[in-house]
Structure formats: structure tokens, C-alpha cells
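Please examine the sequence and the model before reading on.

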Amino acid sequence: QSQIIRDLNPLSQNQKDFLIIAAFEMITCDGRPNEKELNYAGNFFGEMGISEQKIIETIQKADALKSRYLGK
């Protein structure tokens, strides 16, 4: 995991935002995420220096855009 984080740290902020959205979509594809999934994702992104608040804001922004443009 530490090697993955080192590989991903150089990504741009836009790429990290996409990674947050993709990870959230994967952990919710089978329904409501459980605490283990959320903790793992939170810890993973935390090790990349991404705060929980930033994760929440990014997911909320993606949801708002989906609602606006896709009606979902």
C-alpha cells in the first residue's frame, strides 16, 4: 500500500479528485458502504494527505454534477 501511495502522490489535484470519485463508486457499487470500506478508503486517502472533509466535498460535488447533468 505504501508503494501505491508513493506512486499516486505526484498526481494532480484533478486526478486525485477523480481517484476519490472512482474509489467511492467502487465501494458503493454493491450498496451502502460498510464501516470497514469507509475506514480503509479514509485511511488510504489520509496517507496521501487528503482530508476527510476534502473527500466528502469531492463526492458531494460529483453527486451534484451527476444530478444536474444526468438526472441521477
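**Basis of the description**

This is a predicted model, in which local features need pLDDT of at least 70, side-chain atom pairs count only at pLDDT 80 or more, and totals for chains, interfaces and linings use all residues. Residues are numbered from 1 along each chain as its sequence is written, and side-chain values use heavy atoms, with hydrogens and water left out.

**Overall fold**

The protein chain contains four helices and zero strands. Here helices (H or I, at least four residues) and strands (E, at least two) are DSSP runs, numbered from the N terminus. Along the sequence the pattern is α-α-α-α. Taken along the principal axes, the C-alpha atoms fill a box of roughly 40 × 25 × 20 Å.

**The contact of α2 with α4**

Helix α2 (residues 13–28) packs with helix α4 (residues 52–70) at an angle of about 75 degrees, and their axes are 10 Å apart. Axes are lines fitted to C-alpha atoms, for helices over the stretch in contact, and angles run from 0 to 180 degrees between N-to-C directions. The two helices are therefore roughly perpendicular to each other, a term used for angles of 65 to 115 degrees, while angles under 35 count as roughly parallel, over 145 as roughly antiparallel and the rest as oblique.

On the α2 side, the contact is made by Q13, D17, I20, I21, F24 and E25, and on the α4 side by K54, I55, T58, I59, A62 and K66. Contact means heavy atoms within 4.5 Å. These residues comprise six nonpolar, two polar and four charged. In this scheme Ala, Val, Leu, Ile, Met, Phe, Trp, Tyr, Cys and Pro count as nonpolar, Asp, Glu, Lys and Arg as charged, and the others, Gly among them, as polar.

A salt bridge is a side-chain nitrogen of Lys or Arg within 4 Å of a carboxyl oxygen of Asp or Glu. By this rule the count is two. One of the salt bridges joins K54 and D17, whose closest N and O atoms are 3.4 Å apart. K54 lies in helix α4 and D17 in helix α2, so the pair ties together parts that are 37 residues apart in sequence.

**Cavity and pockets**

Rolling a probe the size of a water molecule over the atoms shows where empty space is left. On a 1 Å grid over the protein atoms alone, a cavity is a set of points where a 1.4 Å probe fits but cannot get out, and a pocket is an open set with protein on both sides within 12 Å along at least five of seven lines; lining residues have an atom within 4 Å of a point. Grid points are joined across faces, edges and corners, and a volume is the space filled by probe spheres set on the points.

| Space | Volume |
|---|---|
| Largest cavity | about 40 Å³ |
| Largest pocket | about 320 Å³ |
| Second largest pocket | about 200 Å³ |

The structure holds one cavity of 30 Å³ or more. I21, F24, E25, I59, A62 and D63 line the largest cavity, and α2 and α4 are the elements that give two or more residues to this lining.

The largest pocket is lined by 17 residues, of which L38, A41, G42, E52 and I55 are the closest to its centre. Its lining has 11 nonpolar, five polar and one charged residues. The largest share, six residues, comes from α3.

The second largest pocket is lined by L19, A23, M26, I27, E37, Y40, A41, F44 and F45. By class, this lining has eight nonpolar, no polar and one charged residues.
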